[in-house]
Amino acid sequence: MLTPSQFTELVDQLPHVKRLPEAVYLHRDTLETDSPKLFQFAAAVAQALNVLPGDWNIVKLGTRGFRLSLLHYPDFEESAYPCLAQSITVDLAKLSHRITRYSADENPPVLHRKETMVRPEHPMYEEFRTITEEGEVAGLYGNSRMIGFKQSWERTIAMHGYELVDGRLFRASVFAEPKKSGIDRHKTAIVRHELSAPMKALARHGYLTGDFTIFDYGCGRGDDLRELEAHGLDALGWDPNFLPEAEKAPSDIVNLGFVVNVIEEPVERMEAVAGAWALADKLLVVSAMLGSEEFIAKFRPYKDGVITSRNTFQKYYNQSELQGYIERTLDESAIAVGPGIFYVFKDKVEEQRFLEQRQRRSHNWTQLTAPKVTDQDKARLLITTNKPLFDDFWLKTLTLGRVPANEEFEQSAELRQLCGSHRKAFSMIQQVSEGDDFSVAKQSRVDDLLVYFALNLFGKRKPYTRLPDELKRDVKAFFGTYKEALHLAHEVLFSISDTEAIGAACEDAHNSLPASILNDGHSLILHKSFVELLPPLLRVYIGAATQLYGDLEEIDLIKVHITSGKVSLMGYEGFDSSPLPRLRERVKIKMAEQDVDFFDYIVAEKRPPLLNKSELIDDSFEDYAKQKRFDKRLKALNVATNPGEENITIFELTERLARENASVRGYRLHKER
């Protein structure tokens with residue numbers, strides 16, 4: 001037997017558990033490996049209560065009391081979210097127990113995050129982790145109190161616009177009516193209570209402000225439309241099954257959301273894309289579900305796709321395949337804005353505005369320094385007595401890097417009434433301001449524009465002269481002529497093939513960035529939050545690569561290869577919360593071939609940990625101080641043997657820790673005596 005203190009100590013030391021405030025959960029096989037003493041204790045309790053080994057597979061161990069529960073989830077491995085069949089709760093202090101059976105219950109408890117309860121070498125660990133990640137991306141875990149039981153969990157899934165198909169979250173919209181092929185297309189339309197991924201992308205890029213009309217082509221049950229209408233947006237839609245009588249109305253923005261996945265006839269699929277394009281006045285959004293070969297292999301092949309267990313057709317794409325399909329179908333450039341989401345602009349002026357805004361850095365400019373007021377200084381007195389107005393004007397000026405035109409400043413009339421013109425207001429502020437903010441802002445804007453024009457050239461976009469008015473003003477103010485702007489941008493773009501220039505820029509960046517790792521002559525590694533601090537050459541180098549991939553939402557680190565013309569993007573599990581985040585995906589972009597390779601680290605032994613994370617972050621990251629202490633301790637134990645980038649497998653890490661009798665607990669390294 002164990003004493004209460006021994007029990008608590010052993011529970012605290014368990015490394016592979018699902019941890020809640022008052023208890024931890026883990027699989028019995030995990031318990032047997034990680035803590036033989038606790039396993040023998042739990043097995044003895046089970047034997048004393050005549051509970052057969054086959055009647056419990058999950059153990060719940062109290063962290064604030066001497067108690068445990070033997071739980072039976074019969075479909076633990078088979079079901080994505082298994083239901084509890086029986087619970088035996090034992091109060092070891094009072095020597096009492098309670099048995100609760102749920103096998104006949106219509107609303108039993110549901111188990112989540114199964115990967116936390118097994119060891120990484122468990123054969124289904126990666127599948128469990130993928131299931132959890134899907135739920136997190138879908139926003140299902142936002143309110144933990146609402147997902148603990150089957151019926152509330154199913155309502156949560158439906159409220160977020162998903163349903164389970166073959167154990168995986170499934171969302172799509174249908175385009176056309178069911179055909180004689182027997183494919184139930186209408187079953188792919190789902191009830192959604194929040195915006196879909198392509199609509200969220202539109203919101204992120206400023207297209208859901210009410211300035212644009214929107215048409216949802218293949219809108220399913222119209223859940224996106226209801227959400228948009230609730231916010232007062234002008235949105236219409238059509239769907240062959242749910243809104244077949246609706247008019248297909250030309251609109252500024254047309255969304256073809258997850259439609260090309262569900263049409264089994266290739267010709268009909270192309271007609272859908274072309275039909276949506278015909279309605280778009282400014283922008284067409286095309287999105288599709290992505291799938292790896294391993295995932296697709298689980299289903300029955302049908303034509304160029306697969307048939308799911310619900311008799312729905314799905315055509316899964318990879319990123320470059322989807323981009324190529326869109327561009328071949330429309331003979332237009334498709335811009336990646338995220339995995340499986342592309343923008344195709346019919347309005348080329350709007351395309352240039354979008355691309356330029358994408359390369360514009362954000363700045364938190366300080367407010368205008370409060371001047372010292374004297375009775376003789378009229379300018380100082382005017383600024384001081386109207387400080388909010390002049391502050392707004394100055395912030396707008398710093399954002400643009402130039403004096404704004406009248407129509408670019410909302411309070412222009414009020415400002416001009418006070419001092420005559422924007423130019424005069426600028427001159428007055430310059431007289432009383434301290435520091436060099438304007439020169440910094442001007443150079444920053446020039447750099448942003450050079451990056452924008454260079455990336456346009458890299459994308460082989462036509463040199464459109466019909467620029468937005470604000471860009472015309474920028475060109476005149478900073479370059480004089482459009483021709484000169486393109487000439488300078490061409491010089492920057494040409495330099496990305498110059499390995500010496502890239503190498504020198506990487507060295508300069510390493511010396512100026514808040515944090516980075518420089519592998520001399522080979523590569524520069526940095527966190528994505530520092531990209532906008534890079535010199536224009538490296539921003540173009542990375543921007544040219546990410547044009548092929550899309551936004552970096554799921555990416556943490558960027559690796560610039562100096563000599564090979566490649567950029568690697570790395571996404572980690574728990575980058576912001578773990579001292580040793582595990583590599584989840586790696587994307588290698590080969591710019592010469594304009595090709596993108598995706599590497600998903602599904603097999604545990606191929607998912608390396610990130611060592612020396614503190615060298616890639618600064619004090620703007622919440623756990624920076626703890627990370628520095630952790631990395632210092634890791635080096636002291638010879639677990640991390642080199643500074644900078646060190647690539648080892650998870651098994652090598654485990655062996656090094658075991659050699660030092662050490663284990664990781666949060667941001668602490670515990671060394672066994």
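What share of the 673 residues in the chain is buried? Buried residues make up 53% of them. The model is predicted. The chain carries 22 helices and 25 strands.

**Whole chain**
- The C-alpha trace spans about 90 × 70 × 55 Å along its principal axes.
- Take the contacts in the chain with a separation of 6 or more: 61% of them join residues 24 or more positions apart.
- The chain has 86 positive and 101 negative charges.

**Nonpolar cores**
- In soluble globular proteins, nonpolar side chains tend to be buried together.
- Here, the largest nonpolar core has 86 residues. Those with the most contacts inside this core are Leu202, Tyr207, Tyr343, Phe453 and Leu569.
- Helix α16, residues 437–458, gives this core its largest share, nine residues.
- Another core, of 28 residues, lies apart from the largest one. Its members include Ala249, Leu256, Ala288 and Tyr325.

**Around Tyr343**
- Residues up to four places away in sequence are left out of the contact list for Tyr343.
- Among the residues that Tyr343 touches are Ala201, Leu202, His205 and Tyr207.
- Tyr343 also touches Leu283, Leu284 and Val285.
- Further contacts of Tyr343 include Ser333, Ala334, Ile335, Val337 and Phe354.
- Two of these partners, Leu202 and Tyr207, are themselves listed with Tyr343 among the residues with the most contacts inside the largest core.

- Strand β2 covers residues 23–27, and five of its five residues are buried.
- In a regular strand the side chains alternate between the two faces of the sheet.
- In β2, Ala23, Tyr25 and His27 lie on one side, and Val24 and Leu26 on the other. Both faces are covered.
- Strand β1, residues 18–19, runs antiparallel to β2 and is joined to β2 by two bridges. Arg19 stands opposite Val24.
- β1 and β2 form a hairpin, with three residues between them.
- β2 also pairs with strand β3, residues 58–62. That pairing is antiparallel and has five bridges. Within β3, Lys60 is the bridge partner of Tyr25.

Terms used:
Residues are numbered from 1 along each chain as its sequence is written. This is a predicted model: local features need pLDDT of at least 70, side-chain atom pairs count only at pLDDT 80 or more; totals for chains, interfaces and linings use all residues. Side-chain values use heavy atoms; hydrogens and water are left out. Helices (H or I, at least four residues) and strands (E, at least two) are DSSP runs, numbered from the N terminus. Buried means under 20% relative accessible area, exposed over 50%, partly exposed in between (1.4 Å probe, protein chains only). Contact means heavy atoms within 4.5 Å. Lys and Arg count as positive and Asp and Glu as negative; His and the chain ends are not counted. The place of a charge is taken as NZ of Lys, CZ of Arg, CG of Asp or CD of Glu. A nonpolar core is a set of buried Ala, Val, Leu, Ile, Met, Phe, Trp, Tyr and Cys residues joined through side-chain atoms within 4.5 Å. Two strands pair if DSSP finds at least two bridges between them.
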